[in-house]
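Subject: Structure handover

Hi,

Here is the structure I promised you. Please open it alongside this message, and then read on for what turned up.

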Amino acid sequence: MSKIEVKNIYKIFGPHPAKWLEAARSDISKEDLLKRSRHTLGLRDISLSVEEGSIYVIMGLSGSGKSTLIRHFNRLIEPTAGQIVVDGVDVVSLGKRELEQFRQKTMSMVFQRFGLFPHRTVLENAAYGLAVQGVARAQREDKARYWLDQVGLKEFEEQYPDQLSGGMQQRVGLARALATDAEILLMDEAFSALDPLIRREMQDQLLQLQLKLNKTIVFITHDLDEALRLGNRIAILKDGELIQEGTPEDILLNPATEYVQTFLQDVNRTKVLSASHAVNPSRLTLTMRTRPALAIKQMRALDYAFAPVLDGKRLAGVLTVDAALTAEQEGQRDISRQVVELASMPDTAGLDEVLVQLVASDQPVAVTGDGDKFIGMLSRAKVMELVTPGIGSIESR
Ligand SMILES: Nc1ncnc2c1ncn2[C@@H]1O[C@H](COP(=O)(O)OP(=O)(O)O)[C@@H](O)[C@H]1O
Ligand SMILES: [Mg+2]
């Protein structure tokens, strides 16, 4: 089910946005609109939908409209046109009181600069969102303690923000957001101010927490590695327009434009892609009961030196043409005695693991899914292509 539904949002900044809406609906560029009207095109015709329980990443360079978009979700910004539906509720139609409730209960925000109060303790900061909701002191402090513990800050409750490192301050920000029990977490460049190592730790922690929490998280970043690491889906913005939307694999394997391509250049592809992307579905599978003569005939027809053998849907092993010939010469009824073990790896194995396996041995490798189900054979050519796109395949597929 989708939790947040954004439908054809336009945002024009300036004194008379409605007047320039028609222009924005045409294909005038952001630059030309600014020149002609002194209005800034913040967002143009953005539609997307965020699934409940997913991490949705909005990515783009500075000024591409990321913050403008996320602020529409809790209506810190009003759209010039378009609709935002959260949990089936049209956010734009909410009255003042409803909106206040909605902001406090449905969404919480984590900011890039942490947004902590310097003269309040870590505990008071973490309890802040609950204080705003009118939760009694004892109760809100209990809850804040619980969340500080969850983010690894149990011993720091009585300290003040400036006594903490950046990473720890952002953990307080995260605890504060989580303490409100809001189902949606909005994180605007929440990790961008942190050192790379700390940043990675925070990403890991967020992924860990998410396993338990299953929140709907909208995460903004300008860093593609971070986007690929965290996102179930990623939306890429440029000059207020949605350039591409999809899973990390979609974006990595089929970049929509050169702009997306430039983002991809420095990405560590092996961390995102998995064995499932480098599978050749086998055109021939045998079973333990296949007769040797038939196996030989089929393998020769396809010019295969070997074929995977299944036991039901599970992978049993591999049969070589030589072994099949032996079975035939010895008059064996089926190939079962000639089947030998075949190296295999799960389809979820990262391409980095796949590479390790391929370097370690030149034997064929099968790829299996849930319950050892045979999916296909690992293609060395496909692995090469995924790791070094554009260089072209070295052997035929
Ligand atoms: N309040 C505002 N008034 C005028 N222009 C704005 C305002 N907020 C944002 N913009 C413009 O909208 C565009 C998108 O900004 P923003 O959403 O902050 O980008 P990002 O978060 O991706 O860096 C920029 O061109 C910015 O200058
Ligand atoms: Mg921003």
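Start with strand 11 and strand 17: the two pair in the antiparallel sense, over two bridges. In that pairing, Val 279 stands opposite Leu 378 of strand 17. Before you go further, please keep in mind that this is a predicted model.

Move along to strand 16 (residues 365-368). Which of its residues are buried? Val 365 and Val 367 are buried on one side, and Ala 366 and Thr 368 are buried on the other. Both faces of this strand are therefore covered, with buried meaning under 20% relative accessible area.

Strand 16 has pairings with two strands that I want to point out. With strand 17 (residues 374-378) it runs antiparallel, and three bridges join the two. Here Ala 366 stands opposite Met 377 of strand 17. The two strands form a hairpin, with five residues between them. Look at Gly 371 in the turn: its phi is positive, at about 60°.

With strand 15 (residues 343-346), strand 16 pairs in the parallel sense, over four bridges. How does the chain get from strand 15 to strand 16? It crosses through helix 16 (residues 351-360), and this β-α-β crossover is right-handed.

Strand 12 pairs with strand 13 (residues 306-311) in the parallel sense, over two bridges. Leu 286 has Val 309 in strand 13 as its bridge partner.

Asp 303 is found in the loop between helix 14 (292-302) and strand 13. Is Asp 303 buried or exposed? It counts as exposed, because its relative accessibility is 71% and the cut-off is over 50%. Asp 303 and Val 321 are 18 residues apart in sequence. In space, their C-alpha atoms are 9.9 Å apart.

**The ligand site**

What surrounds ligand 1? The residues are Phe 13, Lys 30, Thr 40, Leu 61, Ser 62, Gly 63, Ser 64, Gly 65, Lys 66, Ser 67 and Thr 68.

- Gly 63: a polar backbone atom is 2.7 Å from an oxygen atom of ligand 1.
- Ser 64: a polar backbone atom is 3.2 Å from an oxygen atom of ligand 1.
- Thr 68: a polar side-chain atom lies 2.5 Å from an oxygen atom of ligand 1.

**Two buried polar residues**

Arg 44 lies in strand 2 (residues 40-51). Its relative accessibility is 10%, so Arg 44 counts as buried. Its side chain is joined to that of Glu 241 by a polar contact of 2.9 Å. Leaving aside neighbours within four places in sequence, Arg 44 is in contact with several residues, including Ile 9, Tyr 10, Asp 27, Lys 30, Gly 240 and Glu 241. Lys 30 is also among the residues around ligand 1.

Gln 205 lies in helix 9 (residues 196-213). At 15% relative accessibility, Gln 205 also counts as buried. Its side chain makes a polar contact of 2.3 Å with the side chain of Arg 171. Not counting residues up to four places away in sequence, Gln 205 touches Gln 150, Val 151, Gly 152 and Arg 171.

**Domains**

The domain assignment gives two entries for the chain. Domain 1 covers 53-69 + 94-106 + 182-267. Domain 2 covers 275-387. Their C-alpha centres lie 40 Å apart.

Best wishes

Note on methods. Residues are numbered from 1 along each chain as its sequence is written. Chains are lettered from A and ligands numbered from 1 in the order in which they are written. This is a predicted model: local features need pLDDT of at least 70, side-chain atom pairs count only at pLDDT 80 or more; totals for chains, interfaces and linings use all residues. Side-chain values use heavy atoms; hydrogens and water are left out. Buried means under 20% relative accessible area, exposed over 50%, partly exposed in between (1.4 Å probe, protein chains only). Two strands pair if DSSP finds at least two bridges between them. A crossover is right-handed if, with the strands pointing away from the viewer, the path from the first strand over the helix to the second runs clockwise. Domain bounds come from an automatic or database domain assignment. A polar contact is a pair of N or O atoms within 3.5 Å; within protein, one must be able to donate a hydrogen and the other to accept it, and residues adjacent in sequence count only if both atoms are side-chain atoms. Contact means heavy atoms within 4.5 Å. A residue is near a molecule or strand if one of its heavy atoms lies within 4 Å of it.
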